[in-house]
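Me: I've got a model open and I'd like to learn how to read it. Can you walk me through it, one feature at a time?

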Amino acid sequence: MTEPKAKPRSFPLGLDKISKAPTSTARQVLMPQRHLQQAAADAARQAAPSGLGLDSAQVRQRMVQRLRREGLNDERVLQAFAEVPRHEFVDTALAIQAYEDTSLPIGHGQTISKPSVVGRMLALLMMGAKAAEQGQLGRCLEIGTGCGYQAALLGDLSRQLVSIERLKPLHDKAIENLGKLRRQNIRLIYGDGRLGHVPNAPYDSIVAAAGGEDIPAAWLAQLAPGGRLVAPMAKPGGRTQVLVVVDHVLEAGVSRYMRTEHEGVLFVPLKSGVM
Ligand code: SAH
């Protein structure tokens, strides 16, 4: 393409010419801050997605439909996903990603698991003998509260939830996050979850959000007959993890623990002690 010949003009323009320039040009030349203002507005939109609060129920519904399409078929679990605002549990800068099927950082080197994995664990829990009979998780223990997102889902699905976290800042964050949702049946404990929580034992359902080399003896001791435990566990060698399900079966007064292994997963490590 050939450019139309520019009219000959003198350069630089005299001040008298600038003041007579058309308004739009003048604004562009004289308001360089416009770009900065635009960038600030874009950044603000990203940091706190406007409308996500208002539309979040719809965005969540789309996540629920996706989970359903991918095979999650427990209606109570899907209902819990539809109700709990995941974006309120993560940093505002990450809120925009909250309804994607992705794990997200929650600080202190920890992550909130992706919804499909959380859904799978909850569905496995709901299939425990006692849970299936009651249509809910009954008295439930969670190890690894993190930001409290899974705790909120568990709260919807159980009669009472005890959730333990070993990192104080995350325990405090979960108190704040869950406080906003006013869940009455959730008890948050700061401590080493490897020891379980004796005062509220036994539990019908136990779920761990961090994976160790073994299933701590305390968890089995605190699992009620008919109860089910779901936890990620390192395979021998420690390089890969699988979801492990343990059912407490009581037969003629004798306790048996039936263990099955499921798909490979990737969870943060289960650690000892508190920090
Ligand atoms: N369910 C959480 C995911 C948290 S990630 C959520 O929805 O956000 C796993 C959490 O387990 C981390 O916060 C980690 O600090 C915690 N954790 C690891 N070992 C633990 C232990 N022995 N006792 C309690 N919490 C533990």
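Reply: Let's begin with a helix: the buried residues of α6 are Pro115, Val118, Gly119, Arg120, Met121, Leu122, Leu124, Leu125 and Met126. Buried means 20 or more other C-beta atoms within 10 Å of a residue's own, exposed means 12 or fewer, and partly exposed is in between, with C-beta atoms placed from the backbone. Bear in mind that this is a predicted model, where local features need pLDDT of at least 70, side-chain atom pairs count only at pLDDT 80 or more, and totals for chains, interfaces and linings use all residues. Residues are numbered from 1 along each chain as its sequence is written.

Me: How many residues of α6 are buried, out of how many?

Reply: Nine of twelve, so α6 is mostly covered, going by that C-beta count. Helices are DSSP runs of H or I with at least four residues, strands are runs of E with at least two, and both are numbered from the N terminus. α6 covers residues 115-126 and reaches 16 Å from its first C-alpha to its last, close to the 16 Å expected. The expected span is 1.5 Å times one less than the number of residues.

Me: What is the strand order in the open sheet?

Reply: Two strands pair if DSSP finds at least two bridges between them. Here seven strands run β5-β4-β3-β6-β7-β8-β9, with mixed pairing. The edges are β5 (186-190) and β9 (254-265), each pairing on one side only. Inside the sheet, β3 (residues 139-143) and β4 (residues 160-165) pair in the parallel sense over five bridges, and Arg139 stands opposite Gln160 in β4.

Me: Is Gly191 buried, exposed or partly exposed, and why?

Reply: Gly191 counts as partly exposed because it has 15 C-beta neighbours inside 10 Å. You'll find Gly191 in the loop between β5 and β6 (203-208). Contact means C-beta atoms, placed from the backbone, within 7 Å. Leaving out residues up to four places away in sequence, Gly191 touches Ile164, Arg166 and Val274. The C-alpha atoms of Gly191 and Ile143 are 9.6 Å apart, although 48 residues separate the two along the chain.

Me: Which residues are closest to the ligand?

Reply: A residue is near a molecule if its C-beta atom, placed from the backbone, lies within 6 Å of it. For this ligand, 24 residues surround it, and the closest are Gly144, Gly146, Gln150, Gly193 and Ala209. The largest share of the shell, three residues, comes from β2.

Terms used
Contact = placed C-beta atoms within 7 Å.
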